[in-house]
Amino acid sequence: MKKLVATAPRIAALVDYEDRAVQAHEVKIKVAFGAPKHGTEVVDFRAASPFIDEEFSTEWNMFVPRAEGAARGIEFGKFQLGNMVVGEVIECGADVTEYQMGDQVCTYGPLQETVIANGVNNYKLRKMPAGASWKNAVCYDPAQFAMSGVRDGNVRVGDFVVVVGLGAIGQIAIQLAKKAGASVVIGVDPIAHRCEIAKRHGADFCLNPIGTDVGLDIKKITNKLGADVIIETSGNDQALQAALRGIAYGGTISYVAFAKPFHDFNLGREAHFNNAKIVFSRGSSEPNPDYPRWDRKRIEQTCWELLMNGYLNCEDLIDPVVTFHDSAESYMKYVDKHPDLSIKMGVTF
């Protein structure tokens, strides 16, 4: 059997593996569909993550050097690629009672032909309702960060909302902001295809940031007021600069992206005058002081319900769809080298 592995920075390959025995609390899933993560995963794939040579200390709440002789955070040759999988349960351990052979399920997992997962009290292993869309299911992870970005921005009925970066997280944030009652939703992305999809799902306007004063255009669309909330998913330094320019006085920038180093950024311009509140949004942060009842489990449960009941529509976001046989070459092309050609790559087995 085959699995997708990063054998070196920016090199993906299908390599052989053999399954281990399923333990009493586990299930084995024959994978039918899957998808990688186009954000933090590709940063790891490019060997640009701070987690490679450092570790995040929960004691100090900061990155610190790894202990001398400790393994690197990401070991190429062992680093498996992929984020979500959908498939059929083909084996159950003796203690598993919640799942049966033949159940269609979705879970976090790498792109490989079979995935073994905990099958006892594991809320991250989700049963698929009959007729549910696998494309919606593999958006389970980005939906959580999109929802948190909207909630952390405190989007309210009548607000002017901007979503910067129309990848999977941004596209879902567009839908959620509009459904939350935003009167004007503006998408920002240089790729026309992404803008077309965003307009189909709630964006009233889309701006191309290339050669455009995005901040000024936001002010023009909102009759000089500016955006009440800007949800930033791109991680681009110029995008945050434009957000500070286009935000309304006292508005909120919900910063979802795990940013790259900034080289051209200036807090000496509109930042003080617009007095923006910048919130660093993470779906996994708990408890959140603004809504302490929303732990990670509740966030995940809510997103799963919204995806499975059709409240969210991710059919257009899974593009292109490639075969597992071609997944290594496709990963390097669509996820790493030419992300402009894809929103979220889907894989069929």
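Tutor: A crossing is right-handed if the near helix is turned clockwise from the far one by less than a right angle. Keep that in mind for this predicted model.

Student: Okay, what makes the crossing of α6 and α7 right-handed?

Tutor: Helices α6 and α7 pack at an angle of about 35°, with axes 7 Å apart. The turn is clockwise by the definition, so the crossing counts as right-handed.

Student: And which residues make the contact?

Tutor: From α6 you get Val214, Gly215, Leu216, Ile218 and Lys219, and from α7 Ala242, Arg245 and Gly246. By class, that's four nonpolar, two polar and two charged residues.

Student: Why are the buried residues of α6 said to be on the same side?

Tutor: The buried ones are Val214, Gly215, Ile218 and Lys219, where buried means under 20% relative accessible area. They cover an arc of only 140° around the axis, so they sit on the same side of α6.

Student: What comes after α6?

Tutor: Asn223 follows, and its phi is positive, near 55°.

Student: Zooming out, how do you know that the radius of gyration agrees with a compact globule?

Tutor: For 349 residues the rule gives a value near 20 Å, and the protein chain has 21 Å, so the two agree. The C-alpha atoms fill a box of roughly 65 × 50 × 40 Å along the principal axes.

Student: How much of the protein chain counts as buried?

Tutor: 49% of the 349 residues. As for secondary structure, the protein chain has ten helices and 18 strands.

Notes: Residues are numbered from 1 along each chain as its sequence is written. This is a predicted model: local features need pLDDT of at least 70, side-chain atom pairs count only at pLDDT 80 or more; totals for chains, interfaces and linings use all residues. Side-chain values use heavy atoms; hydrogens and water are left out. Buried means under 20% relative accessible area, exposed over 50%, partly exposed in between (1.4 Å probe, protein chains only). Helices (H or I, at least four residues) and strands (E, at least two) are DSSP runs, numbered from the N terminus. The arc is that of the directions from the helix axis to the C-beta atoms. Axes are lines fitted to C-alpha atoms, for helices over the stretch in contact, and angles run from 0 to 180 degrees between N-to-C directions. Contact means heavy atoms within 4.5 Å. Ala, Val, Leu, Ile, Met, Phe, Trp, Tyr, Cys and Pro count as nonpolar, Asp, Glu, Lys and Arg as charged, and the others, Gly among them, as polar. The radius of gyration is taken over C-alpha atoms; the globule rule is 2.2 Å times the number of residues to the power 0.38.
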